[in-house]
Amino acid sequence: MTFLIDIGWVNLAYVAASILFISGLKGLTHPRTAVRGNLMSAVGMLLAVVVTLLANGLDYQWILLGAVIGGAIGAVAAARVQMTQMPEMVALFNGFGGGASVLVAGAAFLITADPNAQTTIATGLSGLIGAVTFTGSLIAFLKLAEIMPGRAIGFPGMKIFNAVVGLGALACVGWLTVDPSATVAYWIIVAAAGVLGVTLTIPIGGADMPVVISLLNSYSGLAATATGFVLMNNVLIIAGSLVGASGIILTKIMCKAMNRSLTSVLFGTFGPSADGPSADVVYGGRVKSTSPEEVAMLLENAQRVLVVPGYGMAVAQAQHTVRDMANLLEARGVLVEYGIHPVAGRMPGHMNVLLAEADVPYESLREMDDINPEMEQVDVCMVIGANDVVNPVARTDPQSPIAGMPIIDVDKARTVVVVKRSLSPGFAGIPNPLFAADNTLMMFGDGKKALQELNSALKDV
Amino acid sequence: MHELVQAVTVFVLAVYIGFEIITKVPPTLHTPLMSGSNAISGITLIGAVISTRVDNPKLATILGVCAVAFAMVNVVGGYMVTHRMLDMFKGKR
């Protein structure tokens, strides 16, 4: 392929773009430098694309058509999306990345006359990873957007089915390598991987979603890397690898925060163990219900309040009401902080984004390991829509399905107020003895409505 | 072979840099990290662009144009939404 300028300049521009991507990610290591980092990364992308457009013989009309359609969809989606919908949005974008890799590798395969083994293997892998990412992400999107039921779905023999389909796809990669003229093999790989993406994602339910999105994020990068090996293009390899590494690190963090291995998230089952104590035994008439007025009095007299949000806060869209409460308390000299569990919500950092949207300063957000040692100094802990991530059973009962999972030790605060609709269990399906603890008060109701009532009570005291 | 070794070298070094940098991203920025890295994975766009050369088979051009559209969703949507989110992360005033 030739360019309007010397190929050396093109490659130099790609190096510059790679450096901009790396510096851009580096900017994300602090909230102050993050906006600039993202802009640097975007400039890197612009540079790489502009230089590529200088290639000879491009069909600009077609490129423009695709770019306008895709760009418009992306821009509208990005401008309209609610912060609570961010998990499904990221899932969908992951999918588009994977889909693009499938298409590019497919096109490259048609163009390359007499490809060598290395190219065909890379093409096969690009199609395989890309297609798994594409359909897997679409399923994740449908589940998160609640168009499809969020619970785990499976069928008998699913693991064997997956193994057969996966091995079949790999066999086709082999076929492609032996006979590079077999274009059909490529599309069989894509179809098989597409099926695999679906069957690998449907058995994964609700609270395991952070792991799956992180993993698909990683795949979308690896698919781009594989495409880079097809085209022998360094900037694709570098950018894809950065994304791949990022997704893998997030996956690891999420798994650690649930004390589960990646294989148990992907292939295991997670549900109530039959021999655990029943809800009646755990709660047994010891649950104390409270009123907004009573909680307002408690908060009035507190010096230090910790808010622990969970997915329920996102569902109730209660982040602004939480911030209003914090404002009222701060005006009275109460220190209000937020304890964030790594897997609270449906994607890594979900709670942080919601609270940032509600203008909560990032300095007030405390990480789990950071806040736990100080828990005894917290006067009132407000648990809003969180359940499994504050269940003390994780510490006390080695038989429990969540045994060993790191939790926020809210039970060690002087008083705990749990804002929740009912005593229904969280994703792990087990009762939470926190709700019946001596220092716990339950404020039943929809998160937003209950907090609004609390806020008006706070204004009255 | 020589070309492959070179590409693998680049790959390994990039993964290494990725690990080094990403482990330093604080949990509070994990969502923007995901959407921002997502935008970067839209780099497939340049592969899509060169698939549309006029002397290529028509089918390659069609695949390329679809790929351009897919990757553009990623690039434009990814950077914009990340910017929107990061703009909200403010410190104490």
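Mentor: pLDDT is the predictor's confidence in each residue, from 0 to 100. Keep that in mind, as this model is predicted.

Trainee: What is the mean pLDDT of chain B?

Mentor: The mean for chain B is 93, and 98% of its residues reach 70 or more. The model itself scores ipTM 0.96 and pTM 0.92.

Trainee: How do you know which residues of chain B are in contact with chain A?

Mentor: Two residues are in contact if their C-beta atoms lie within 7 Å. By that test, 79 residues of chain B are in contact with 96 residues of chain A. Helix 4 (58–86) of chain B is one of the suppliers of that side. Helix 4 of chain B gives the largest share, 27 residues.

Trainee: Which classes make up that side of chain B?

Mentor: It divides into 47 nonpolar, 24 polar and 8 charged residues.

Trainee: Why is strand 6 of chain A called mostly covered?

Mentor: A residue is buried if 20 or more other C-beta atoms lie within 10 Å of its own. In strand 6 (residues 440–444) of chain A, 4 of its 5 residues are buried, so the strand is mostly covered.

Trainee: What makes strand 5 and strand 6 of chain A a pair?

Mentor: Pairing takes at least two bridges. Strand 5 (residues 415–420) and strand 6 of chain A have 5 bridges, so they pair, in the parallel sense. A:Val419 stands opposite A:Met443 in strand 6 of chain A.

Trainee: How far apart are the C-alpha centres of domain 1 and domain 2 of chain A?

Mentor: They lie 23 Å apart. The contact takes 8 residues from domain 1 of chain A and 6 residues from domain 2 of chain A.

Conventions
Residues numbered from 1 in each chain as written. Chains lettered and ligands numbered in written order. Predicted model: local features only at pLDDT ≥ 70, side-chain atom pairs only at ≥ 80, totals over all residues. Helix = DSSP H or I, 4+ residues; strand = E, 2+ residues; numbered from the N terminus. Nonpolar A, V, L, I, M, F, W, Y, C, P; charged D, E, K, R; others polar. Buried ≥ 20, exposed ≤ 12 C-beta atoms within 10 Å, placed from the backbone. Domains from an automatic or database assignment.
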